[in-house]
Amino acid sequence: MDMMPNIEELRKMRKNLGISQKDLAKVTGVSQSYIARLEKGTINPTYSKIKAIYEYLTKSSEKANNMVITCDRIMTRNVTVCRSDDSILNALNIMRDKGFSQLPVVNDENKVIGTITENNINDMLLKGMSVDSLRGLTVRRVMSEVLPQVDRNTPINIIYQLLKYSNAVLVIEAGNLVGIITKADILKTVAGMA
């Protein structure tokens, strides 16, 4: 490598791969605060540290792009969902308890009709709605569109591309939700191939 990569390029690579600052720090032998300061441009990094970070991100990206594994092998099968008539607070509690940032929303026939995310709820608060007002709202009032959908035989390199624009991808079979894949699932798979 002749040229030191752009810091913004490294940040984008890390985010596109779904790698946290903490995880990147661990595998490259620096602290999480070092990665944070690097991405903010508040430190003058050494060439060797930038090179180690860049090489790790490049290898991870190549592995993810070249995978011939299908969704069926890495998807989470027991998908946690909520219903459109659930209260927003119930959905928030599920997300908090499970550590999720989004939930698929299903109707009475268990068909996916939308997605509720932490961002949907935060947007309502930013628009001036009080927490007390949220208590009376149902998921239907704040949900967004359905996450991208694929079948269980879709190659992971396709999922990797979809996850650049979405937090998760749903795996559907015969109209039914059978799995979900997040950036964390891709990262675990890439790490397992190292």
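**View 1. L177 in strand β6 is the bridge partner of I172.** The model is predicted, with local features given at pLDDT of at least 70 and side-chain atom pairs at pLDDT 80 or more, while totals for chains, interfaces and linings use all residues. Residues are numbered from 1 along each chain as its sequence is written, and side-chain values use heavy atoms, without hydrogens and water. Strand β5 (residues 168-173) and β6 run antiparallel and are joined by 6 bridges. The hairpin of β5 and β6 has 2 residues between its strands, and A174 there takes a positive phi near 50 degrees. Strands (E, at least two residues) and helices (H or I, at least four) are DSSP runs, numbered from the N terminus; two strands pair if DSSP finds at least two bridges between them.

**View 2. β4, β5 and β6 make an open sheet of 3 strands.** The strand order is β4-β5-β6, and the pairing is mixed. β4 (149-150) and β6 are the edge strands; each has a single partner strand, so one side of each lacks a neighbour in the sheet. Between β4 and β5 the pairing is parallel and covers 2 bridges. V150 is placed opposite V171 in β5.

**View 3. A second open sheet contains β1, β2 and β3, in the order β1-β2-β3.** This sheet of 3 strands also has mixed pairing. Its edges are β1 and β3 (112-117), each of which pairs on one side only. The pairing of β1 with β2 is parallel, over 2 bridges, and C82 stands opposite V105 in β2. Helix α6 lies across β1, β2 and β3, running at about 135 degrees to β2. Such angles run from 0 to 180 degrees between N-to-C directions of axes fitted to C-alpha atoms, for helices over the stretch in contact.

**View 4. S84 sits in the loop between β1 (82-83) and α6 (88-98).** Is S84 buried or exposed? S84 counts as buried because its relative accessibility is 6%; buried means under 20% relative accessible area, exposed over 50% and partly exposed in between (1.4 Å probe, protein chains only). Apart from neighbours within four places in sequence, the contacts of S84 (heavy atoms within 4.5 Å) are V105, V106, I113, T138, V139 and R140.

View 5. β2 supplies the largest share, 3 residues. The lining of the largest pocket divides into 5 nonpolar, 8 polar and 2 charged residues. Here Ala, Val, Leu, Ile, Met, Phe, Trp, Tyr, Cys and Pro are nonpolar, Asp, Glu, Lys and Arg charged, and the others, Gly among them, polar. On a 1 Å grid over the protein atoms alone, a pocket is an open set of points with protein on both sides within 12 Å along at least five of seven lines, a cavity is a set where a 1.4 Å probe fits but cannot get out, and lining residues have an atom within 4 Å of a point. Points are joined across faces, edges and corners, and a volume is the space filled by probe spheres set on them.

**View 6. The largest cavity has a volume of about 30 Å³.** How many cavities of 30 Å³ or more are there? The count is 1. Around the largest cavity are I7, L10, R11, L24, I35, L38, E39 and I53. Helices α1 (7-17) and α3 each give at least two residues to this lining. Its residues are 6 nonpolar and 2 charged, with no polar ones.

**View 7. Helix α3 covers residues 32-40.** Which residues of α3 are buried? They are Y34, I35, A36, L38 and E39. I35, L38 and E39 also belong to the lining of the largest cavity. Just after α3, G41 has a positive phi of about 80 degrees.

**View 8. N6 lies in the segment before α1.** N6 counts as partly exposed because its relative accessibility is 45%. N6 and Y54 are 48 residues apart along the chain, and their C-alpha atoms are separated by 9.7 Å.

**View 9. The whole protein has 11 helices and 6 strands.** Its C-alpha atoms fill a box of roughly 55 × 40 × 20 Å along the principal axes. Of its 194 residues, 39% count as buried. Among contacts with a separation of 6 or more, 59% are between residues 24 or more positions apart.
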